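Notebook open, viewer loaded. I'm jotting down what I look up as I go.

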Amino acid sequence: MNRRRRTEILIEGSRHFAKELTKEIEQKYEIQILSEPRHALTMMKVRETAKRSLFYLGEVLVTETKVQVNGHIGIGIVAGHEEALSYELAVIDAAFEAALEETSYWPVLFEIEEQRIIKQRSQREQAILKTKVDFEMMNE
Amino acid sequence: MAYAAVKGGTKAIEQSLDRLTYERIQSKQVIDIETIKGTMRGLIDQVMSESSLYGEDLAALAIKQAEGNVEEAVFLLRAHRSTLPRVYYTKPIETENMAVERRISASFKDIPGGQLLGASHDYSHRIMNFELLKETQSDMKKWLQSFLQAEEQVEHTTNLQCLPKVVDYLRQERLFPEVEEDNAEPLDVTKQSLQFPATRSERLQILTRGNTGAVTSLGYAAIRGYGEVHPTVGELRVGHLPLTIEHPTNQTQNDEDDYYIGTVKVTEVESFIPVSIKKGQKEELEFEIGYGIVFGQNETKAIAMSILDYSLSSEGKKYPTEDEEFVLLHIDSLESSGFISHLKLPHYVTFQSKLDSVRKIKKEPVSL
C-alpha cells in the first residue's frame with residue numbers, strides 16, 4: 001500500500017487503529033527515536049483558479065517525529081498538536097520502509113479501516129446534502 | 001524647560017501586568033481551550049486567518065490569553081509563529097479537491113452538483129435567541145441525537161469530494177477563456193520585503209492574511225464608488241482541503257510516495273466581473289475573475305478579497321482601491337495595529353520639541 005493512501009487512512013481513521021499497529025512493532029522491535037515529537041510549520045502552496053498561478057495561503061502547525069526501526073527511518077507528520085499520532089505515524093512509516101513482516105498483512109487491515117472512513121464520510125455527506133436547494137420556478 | 005532622558009516604570013509595569021491577570025480571572029470563571037474551540041468557531045477562524053497560521057488549539061489559547069481581543073490574539077500567534085521552524089512546503093493544493101460543506105452561486109441557479117447551503121447564519125432571522133440563556137447540556141444532547149438520527153435517513157449520490165467548479169464549466173463552454181497553468185514559484189512576503197509592483201502571489205498572500213475589517217471595508221469601497229468593480233459571486237465554497245508533502249529526502253515525483261498530513265478548512269470565492277473590451281470600433285462584454293480564499297469560514301472577507309484581487313490587477317490606478325501600495329501596506333492586522341499602538345509609547349522629546357516651536361511662535365510679536 002502506497003504512503004499517500006496509508007497516511008490518509010491513519011490520520012483520518014480511528015486513533016485506536018494507529019495505536020494498535022504501533023504496539024505490534026514496539027513489542028517486537030527496538031524503536032530508536034531520532035527526533036522527539038516537535039511542533040513546526042508547513043507552508044501551504046495553493047493554485048488559485050482565476051489565473052491558475054501558485055501562491056502561499058499561510059502556514060499550518062504540524063507535529064513531526066522521526067524514528068528508526070531496523071536501520072530504516074520513519075517520519076510522522078500531521079497537522080495540529082498531535083504528539084502521540086505523530087510518533088505512531090513515524091513508527092508505522094519506518095515499519096513499511098524496513099518492509100517488516102508485519103506490514104505484509106497490514107494492507108488488509110488498512111483496507112477495512114479505509115472502508116470505515118468511506119462509510120463515515122458518506123454519512124457526513126448525506127447530512128450536508130440535505131441542505132441542497134431545490135429551486136422552483138415562480139411562474140410555473 | 002530643559003530636555004531630560006528618563007527611565008523607570010518597572011515596578012508600575014509589573015503591577016500593571018498583575019492587574020491584567022486580575023481582570024482576566026477576577027470573575028473566577030475558567031474557560032478551557034476545548035470550550036473555546038467548540039463554541040467560538042467564527043472567532044477562531046478569524047484569528048487563524050489574520051495570523052496566517054492554521055492551528056485551532058493555538059488560536060483558542062491565544063483567544064483565552066487575549067481575553068477575546070482579536071488584535072491581541074493575532075499578535076500573540078504571529079509572535080509564536082516566529083519561534084517555530086518551517087520544515088515543509090505542501091505540494092500545490094488544487095482546490096477542486098475540496099471536501100465541500102457549503103457551496104452557492106449567485107450567478108447561476110443550476111450549477112453542476114447543485115447549491116448546498118451547508119451551515120450559515122445567512123438564512124437566520126438575526127433575532128436574539130434568549131432561549132440560549134437557559135441552554136443545558138441535556139438539551140444539547142437531545143437535539144444532537146435527533147439531528148444525527150435524522151441524518152441517516154437521507155439518500156443521495158452526489159460526491160462532495162470532487163464537485164466540478166463553476167468556472168471550469170464556463171471555460172469548457174468557452175464563455176470564459178481557457179487559462180494555462182502557471183507553475184512559477186510564488187514569492188513569500190514573510191521571507192522578503194514587498195517591492196512594487198507586487199507579484200500576483202504576493203498580492204494574494206497579503207490579502208488572505210489581511211485584517212477582516214480592513215479587507216471588507218476596502219472591498220466595499222471598491223464596489224460603492226471608489227473603484228470600478230461590479231461583481232457577482234460565481235461560486236462560493238466552504239470545505240476542507242487535503243494537504244500533502246513530498247518525502248524530505250527521497251523526492252520521487254510520484255504522488256503515491258507523498259505524506260498526507262491532514263486538512264485545513266477554507267472559504268474560496270470566484271467573483272465574475274463584467275468588463276468592456278474595445279475590439280476595433282466595437283465594445284464587447286467579457287468577464288474577469290476575482291479570486292478570494294481565506295482560512296476557516298469567513299465568507300465576507302473571501303468575497304472582499306476577490307474584489308480587491310481584481311481591483312489591484314486593473315491598470316487604471318484611478319482609485320485608492322486600485323493602488324497596491326495603499327491597499328497592501330495598510331490591511332495587515334499586526335502592522336496597522338502596531339503602528340497605531342506605538343502612538344501610546346513615550347514621545348516626550350519629539351512632542352516637547354514641537355511645543356517649544358509653538359511657544360517660540362507665540363512669543364514673537366505679531367507683525368501687521
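What pLDDT does chain B average? I looked that up before anything else, since this is a predicted model. Chain B averages 91, and 96% of the residues score at least 70. For the model I noted ipTM 0.96 and pTM 0.93.

**Entry: the contact of the two chains**

Chain A gives 47 residues and chain B gives 66 residues. On the chain A side, I listed the elements that each supply at least two residues: helix H1 (3-12), strands S1 (31-47), S2 (54-69) and S3 (72-79), and helix H4 (106-129). Which of them has the largest share? That's S2(A), with ten residues. I also sorted the chain A side by class and got 22 nonpolar, twelve polar and 13 charged residues.

S1(A) is joined by two bridges to strand S3 of chain B (residues 93-94), and the two run parallel. I clicked on A:Arg47 and found B:Glu94 of S3(B) opposite.

**Entry: domains of chain B**

I took the bounds from the domain assignment: domain 1 of chain B is 10-81, and domain 2 is 95-120 + 127-331. How many Å separate their centres? Over C-alpha atoms, I get 27 Å. The contact between them uses eight residues of domain 1 and ten residues of domain 2. H3(B) supplies the largest share of the domain 1 side, six residues. By class, that domain 1 side has three nonpolar, three polar and two charged residues.

**Entry: H3(B) against H4(B)**

With H3(B) turning up there, I went on to its packing. Helix H3 (residues 41-51) and helix H4 (residues 56-65) of chain B have axes 9 Å apart, at an angle of about 100°. Angles of 65 to 115 degrees count as roughly perpendicular, so H3(B) is roughly perpendicular to H4(B). Which residues meet? From H3(B) I have B:Leu43, B:Ile44, B:Val47 and B:Met48, and from H4(B) I have B:Glu56, B:Ala59, B:Ala60, B:Ala62 and B:Ile63. I count eight nonpolar, no polar and one charged in this contact.

**Entry: the sheet in chain B**

I traced an open sheet of four strands in chain B, in the order S4-S5-S6-S7, with antiparallel pairing. Which strands are at the edges? They are S4 (99-104) and S7 (282-295), each pairing on one side only. Direction ignored, neighbouring strands are turned by 20° against each other on average.

Going through the pairs, I found 13 bridges between S5 (residues 232-245) and S6 (residues 259-279) of chain B, in the antiparallel sense. Here B:Thr232 stands opposite B:Phe272 in S6(B). S6(B) and S7(B) are also antiparallel, over 14 bridges. I looked up B:Ile277 and its bridge partner in S7(B) is B:Glu284. The hairpin of S6(B) and S7(B) has two residues between the strands. What phi does B:Gly280 take there? It's positive, near 70°.

Notes. Residues are numbered from 1 along each chain as its sequence is written. Chains are lettered from A and ligands numbered from 1 in the order in which they are written. This is a predicted model: local features need pLDDT of at least 70, side-chain atom pairs count only at pLDDT 80 or more; totals for chains, interfaces and linings use all residues. Axes are lines fitted to C-alpha atoms, for helices over the stretch in contact, and angles run from 0 to 180 degrees between N-to-C directions. Angles under 35 degrees count as roughly parallel, over 145 as roughly antiparallel, 65 to 115 as roughly perpendicular and the rest as oblique. Two residues are in contact if their C-beta atoms, placed from the backbone, lie within 7 Å. Ala, Val, Leu, Ile, Met, Phe, Trp, Tyr, Cys and Pro count as nonpolar, Asp, Glu, Lys and Arg as charged, and the others, Gly among them, as polar. pLDDT is the predictor's confidence in each residue, from 0 to 100. Two strands pair if DSSP finds at least two bridges between them. Domain bounds come from an automatic or database domain assignment.
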